[in-house]
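Here's a quick tour of a protein model with its sequence alongside. Have a look at it first, then read through the points below.

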Amino acid sequence: MILSGKKVIALGERDGVQSEAIAECVRSAGAEVVHQATKCFV
Amino acid sequence: MHFQTQQLPVIRATRYLLVHAPDLVRYGSKPSREIERNAAQLDLINSHLRSYEEALAYAPNQVYVGGLYPDDLKSVAVPWFGHALENPARHGEFGEIMPEDEFYGVLRIGDSFDMVWLEENFTAEIRTRLAAHPLLTAEDLKKLGDGKSLGQLNEQIKKGAAIPLYLNKHRLVGCFLHGHDEDPALSATRLLENLACKVIAALSLRNLNVASGIPAQAVDFILGCGEEAIGDRYNPGGGNLAKAAGEMAGCVAASGVDIKDFCCAPVQALTMAGGLVASGLHSNIAVVAGCSLAKLGMKYEGHVRKDMPILEDVLAGFASMVGVNDGQSPVIRLDAIGRHNIGAGSSQQSIMEKLVTEPLTKIGWKLCDVDKYATELHNPEVTEPSGSGNVPKTNYRMIAAMAAIRGEISRPDLDVFADTHGMPGFSPTQGHIASAIPFLAHAQKKMASGEMSSAMFLAKGSLFLGRVTQMSDGVSFVLEKNRA
């Protein structure tokens with residue numbers, strides 16, 4: 001998947017992959033993070 | 001870091017309490033919001049509630065109070081709610097499962113502001129049973145009073161001054177009064193949550209005083225680490241449940257304070273207690289947590305959708321005594337505390353490095369040297385129907401992956417590591433309570449019998465829920481068999 005130039009909504013999970021980590025990854029691939037949030041499901 | 005032997009902090013004992021509270025499920029955050037949107041949801045909820053006998057015979061609940069060891073769940077057929085245990089005991093080795101009617105009485109006993117009104121006939125019914133409770137006194141029973149008439153209860157409820165308390169779905173047995181006309185921090189619902197948190201912590205503490213051999217009068221400090229943050233409209237989280245629970249438990253020589261760190265709080269509190277004992281500031285510190293009433297029925301929609309009973313029908317608490325080295329109790333290794341520091345980053349690998357590999361490396365241990373890891377211990381039977389996954393399993397696979405990255409195990413052995421060094425989730429989804437500490441008493445028992453040498457307790461806190469940071473937090477400690 002080519003992320004460069006794409007807008008991304010990063011939804012993470014506390015016990016999985018948190019949104020900050022997702023956002024960092026996609027930014028490094030050239031995407032713009034328009035919203036990020038981490039959720040706790042317990 | 002070097003401490004004198006007598007300053008080593010140990011965990012003298014840990015005790016738990018479960019309260020079966022099906023008629024309070026309606027006041028859980030999720031159910032109450034759905035009922036407000038659609039009143040028919042209450043009938044749906046009521047039709048999926050369990051009896052006390054069913055909750056008592058539910059294997060994960062028995063693990064929580066010490067009737068079973070966590071790994072015993074591997075041999076209980078699933079679904080666990082469909083395979084009731086035979087002859088389950090109310091009082092397990094580590095605590096009890098209390099029925100709802102008696103809990104209403106305990107709420108009244110712990111009420112310092114005459115907010116809990118119980119109906120007179122109901123009061124008479126529970127008085128005899130509460131008199132037989134090993135942790136309640138004649139002084140407690142006086143606080144029950146004589147009760148109110150049904151007319152008095154209905155009058156308060158009708159004019160909006162109180163919320164009703166039911167038993168067996170439809171019988172009105174009491175009401176809970178608002179603490180202020182305009183203050184949401186003192187609404188009846190909020191005060192019910194807070195008082196439930198206090199009395200469950202207090203009863204756990206009373207049980208702990210007996211179990212630890214350290215009487216209430218000898219406790220010199222209390223750290224509260226439960227979910228609730230008490231206060232009023234000007235300072236909603238400023239209060240101190242630790243001291244309130246200590247008062248009800250008779251810890252007259254103690255002061256106390258609350259520790260807040262979302263689900264990290266209990267493990268944070270235990271490490272802080274260890275530090276305070278090691279420093280010589282305090283000798284007997286009770287770490288206590290009450291329940292999360294707001295989380296009753298949190299995932300009820302998933303349960304109802306799958307035509308399961310609503311499993312989030314219990315309130316949970318615990319109390320643990322941290323004291324000076326007695327030469328027997330397991331030691332909190334203060335030289336192996338894991339901390340998720342601010343600059344650590346938020347990837348799971350970074351978090352696990354901070355919580356697991358770094359502290360173990362400091363004391364020269366490998367990941368395989370820890371017999372058991374206690375992480376988020378939420379019962380998967382509660383979380384999976386709503387799509388929240390198996391939280392303990394996720395964490396154990398991550399720890400196993402760290403062991404594989406470090407070359408301690410091969411990739412095909414990931415599941416074996418997770419199975420051997422982990423355990424099935426068994427804790428009710430009572431927020432902070434589920435984070436590692438439900439295994440404390442089990443670990444202590446295994447260490448006393450020589451079947452276990454060490455366990456690591458690690459917890460993560462969802463700081464981002466408070467909307468002031470995107471961060472989470474994490475903390476861990478190693479508990480080791482006393483080698484004195």
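Let's start with chain A: of its contacts with a separation of 6 or more, 53% are between residues 24 or more positions apart. For chain B, that share is 74%. Keep in mind that this is a predicted model.

**Chain A**
- Chain A has 42 residues, and 33% of them are buried.
- You'll find one helix and two strands in chain A, and starting at the N terminus they follow the order β-α-β.
- Taken along the principal axes, the C-alpha atoms of chain A fill a box of roughly 35 × 15 × 15 Å.

**Chain B**
- Chain B comes to 484 residues, with 55% of them buried.
- The C-alpha trace of chain B spans about 70 × 50 × 50 Å along its principal axes.
- How does its radius of gyration fit with a compact globule? A compact globule with 484 residues would be near 23 Å, and chain B has 22 Å, so the two agree.

**A helix tucked inside**
- Helix α5 (residues 100-109) of chain B is largely enclosed by the rest of the structure, because nine of its 10 residues are buried.
- Among the buried residues of α5(B) are Phe103(B), Tyr104(B), Val106(B), Leu107(B) and Ile109(B), and Glu100(B), Asp101(B) and Arg108(B) are buried too.

- In soluble globular proteins, nonpolar side chains tend to be buried together.
- Here, the largest nonpolar core has 155 residues, and Ala245(B) and Ala286(B) are the ones with the most contacts inside it.
- Helix α9 (residues 188-212) of chain B gives the largest share of this core, 13 residues.
- Where does this core lie? Domain 1 (5-324) and domain 2 (331-480) of chain B both give residues to it, so the core lies between them.
- Leaving aside residues up to four places away in sequence, Ala286(B) touches Leu205(B), Leu208(B), Val219(B), Ile222(B), Cys251(B), Ala319(B) and Met321(B).
- There's also a second, separate core of five residues, which includes Ala21(A), Ile22(A), Ala23(A) and Val26(A).

**Where the chains meet**
- How many residues does each chain bring to the contact? Chain B puts in 18 residues and chain A puts in 12 residues.
- On the side of chain B that touches chain A, the largest share is three residues, from helix α15 (residues 391-405) of chain B.
- That side of chain B divides into 12 polar residues, four nonpolar and two charged.

Technical notes:
Residues are numbered from 1 along each chain as its sequence is written. Chains are lettered from A and ligands numbered from 1 in the order in which they are written. This is a predicted model: local features need pLDDT of at least 70, side-chain atom pairs count only at pLDDT 80 or more; totals for chains, interfaces and linings use all residues. Two residues are in contact if their C-beta atoms, placed from the backbone, lie within 7 Å. Helices (H or I, at least four residues) and strands (E, at least two) are DSSP runs, numbered from the N terminus. Ala, Val, Leu, Ile, Met, Phe, Trp, Tyr, Cys and Pro count as nonpolar, Asp, Glu, Lys and Arg as charged, and the others, Gly among them, as polar. A residue is buried if 20 or more other C-beta atoms lie within 10 Å of its own, exposed if 12 or fewer, and partly exposed in between; C-beta atoms are placed from the backbone. The radius of gyration is taken over C-alpha atoms; the globule rule is 2.2 Å times the number of residues to the power 0.38. A nonpolar core is a set of buried Ala, Val, Leu, Ile, Met, Phe, Trp, Tyr and Cys residues joined through C-beta atoms within 7 Å. Domain bounds come from an automatic or database domain assignment.
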